[in-house]
Amino acid sequence: MVDRLLRASPGAVVLAVSIQDRGSRYPVVQRFTTVGGTELRESSAQGATGDPVVILRQDLLAIRREVARPHVILALPQEVDVLPLLVELWQSRIGVSALGDHYDPAPVLVGVDPASFTADLGCVHRAVPLWDSSGSATPTTPAEVAARQVEAADALIVPVPAGGLSGWVSGAAALIGHLNARATLLTLPEGGDAEAELPAFLTQPAPVGASEGWRTRLEPVIVPHSRHGSGRGVDSVVWHARRPLHPERLADALGAVMPGVARSRGHLWLSSRPDAVVSWRSAGAHLELRETDRWLESADAAAWKAASPQRRTLASWFWHDYYGERRSEIVFTGIDLNERRVRSALDEALLTDAELSRGRDGWTAIPDPLLGSP
């Protein structure tokens with residue numbers, strides 16, 4: 001990836017980063033900076049213990065002071081949660097020059113090796129650290145790390161072996177494309193064939209509002225993107241509903257919903273937590289449900305002001321006089337998914353008319369084997 005970018009922008013500065021957990025509050029952040037492309041005129045290596053966002057901001061501002069109008073390739077390690085880190089990196093801070101005053105963000109490029117990606121997506125039996133924007137690591141699975149990397153990209157680069165696009169590589173590329181339907185998917189020959197270089201727009205500034213777009217993509221209440229009909233048995237199913245889910249019936253439905261699902265993301269309205277946005281996220285065979293936000297209420301002006309423009313627009317679009325913005329939306333991506341079975345199982349987990357008529361007191365009294373009592 002870096003070699004291809006340097007051929008497109010030979011004078012770029014490369015800031016390569018690695019993060020090592022030493023068991024303390026902050027990790028060791030090692031950076032290696034090179035200037036001048038393949039014929040390096042200058043290189044330096046540095047290491048520091050601290051918040052990765054603070055350290056990288058200082059490095060980028062130092063590069064800006066030393067190099068006129070630099071193009072910086074920021075090469076991040078796999079163990080970083082890319083979008084939260086970029087949002088925090090671009091955030092304005094009192095007393096500190098904002099990166100947006102000196103740099104225009106460019107597209108986020110992710111190179112995905114099909115063999116490694118397929119192996120990681122199936123690995124949910126061990127925990128690995130994923131460094132977030134707060135400078136701390138959250139234990140998660142290799143499957144979740146691999147999925148988040150793909151979802152962070154504006155462009156996904158899948159290397160093709162010398163023998164061409166084999167069946168399993170084509171299938172992996174189809175799955176990767178489904179996991180991030182908004183990204184540009186490129187299959188390029190391994191080894192950096194000069195006749196298959198990156199499109200020029202990938203080395204140019206991103207459209208205005210890119211940094212706000214990163215923040216929007218982290219919203220807990222979004223309309224999931226999906227892609228259909230790419231072949232190789234890979235498909236996506238989007239399910240949505242406007243009434244709350246019965247926690248016990250949802251737990252019972254998982255055995256019918258999850259077979260064949262490689263990745264799923266969305267948000268739920270659970271009857272046991274009528275005011276909470278519950279995030280739904282699975283990678284491989286691991287499913288995580290977590291209370292992440294509160295539903296917007298018509299009289300809560302402060303919450304509306306704090307919400308992103310997209311969240312406010314969606315809330316207004318989906319607003320219901322009784323439910324407000326409350327709704328469930330999940331996108332499932334996998335191989336040979338049984339769409340009818342998925343939809344039927346989830347529909348049957350919704351509250352019935354009789355259960356709905358009991359109101360909030362009746363909803364919250366339903367036992368919740370998924371998240372426990374509120």
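**Notebook: a walk through the predicted chain**

I started at V257, which lies in helix 8 (residues 247-257); helices here are DSSP runs of H or I with at least four residues, strands are runs of E with at least two, and both are numbered from the N terminus. This is a predicted model, so I kept in mind that local features need pLDDT of at least 70 and side-chain atom pairs count only at pLDDT 80 or more, while totals for chains, interfaces and linings use all residues. Residues are numbered from 1 along each chain as its sequence is written, and side-chain values use heavy atoms, with hydrogens and water left out.

**V257, continued**

Is V257 buried or exposed? I found V257 buried, at 0% relative accessibility. My cut-offs are under 20% relative accessible area for buried, over 50% for exposed and partly exposed in between, with a 1.4 Å probe and protein chains only. Next I looked up its contacts (heavy atoms within 4.5 Å). Leaving aside neighbours within four places in sequence, V257 is in contact with F332, V342, A345 and L346. I also checked V257 against A68: they are 189 residues apart in sequence and 54 Å apart in space, C-alpha to C-alpha.

**Helix 11 side and D336**

I then went to D336, in the loop between strand 14 (328-335) and helix 11 (339-347). D336 has a positive phi of about 55 degrees, although it is not a glycine. At 62% relative accessibility, D336 counts as exposed.

**R69**

I looked up another positive phi, at R69, which has about 45 degrees and is not a glycine either. R69 is found in the loop between helix 2 and strand 4 (72-75). I get 75% relative accessibility for R69, so R69 counts as exposed.

**D59**

Helix 2 (residues 52-66) is where D59 lies. D59 is buried, with a relative accessible area of 11%. Which residues does D59 touch, not counting those up to four places away in sequence? I noted L15, R31 and Q46.

**Helix 6**

Helix 6 (residues 167-179) has 13 residues and reaches 19 Å from its first C-alpha to its last, close to the 18 Å expected at 1.5 Å a residue. That expected span is 1.5 Å times one less than the number of residues. I counted 11 of the 13 residues of helix 6 as buried, so the helix is largely enclosed by the rest of the structure. Among the buried ones are V169, G171, L175, I176 and H178.

**L188**

L188 lies in strand 9 (residues 184-189) and is buried, with a relative accessible area of 10%.

**Whole chain**

I finished with the totals. The chain has 13 helices and 14 strands. Its radius of gyration is 22 Å, close to the 21 Å that the globule rule gives for 374 residues, so the chain is as compact as a globular protein of that length. The radius is taken over C-alpha atoms, and the rule is 2.2 Å times the number of residues to the power 0.38. The C-alpha atoms fill a box of roughly 75 × 55 × 40 Å, taken along the principal axes. Buried residues make up 49% of the 374 residues. Of the contacts with a separation of 6 or more, 68% come from residues 24 or more positions apart.
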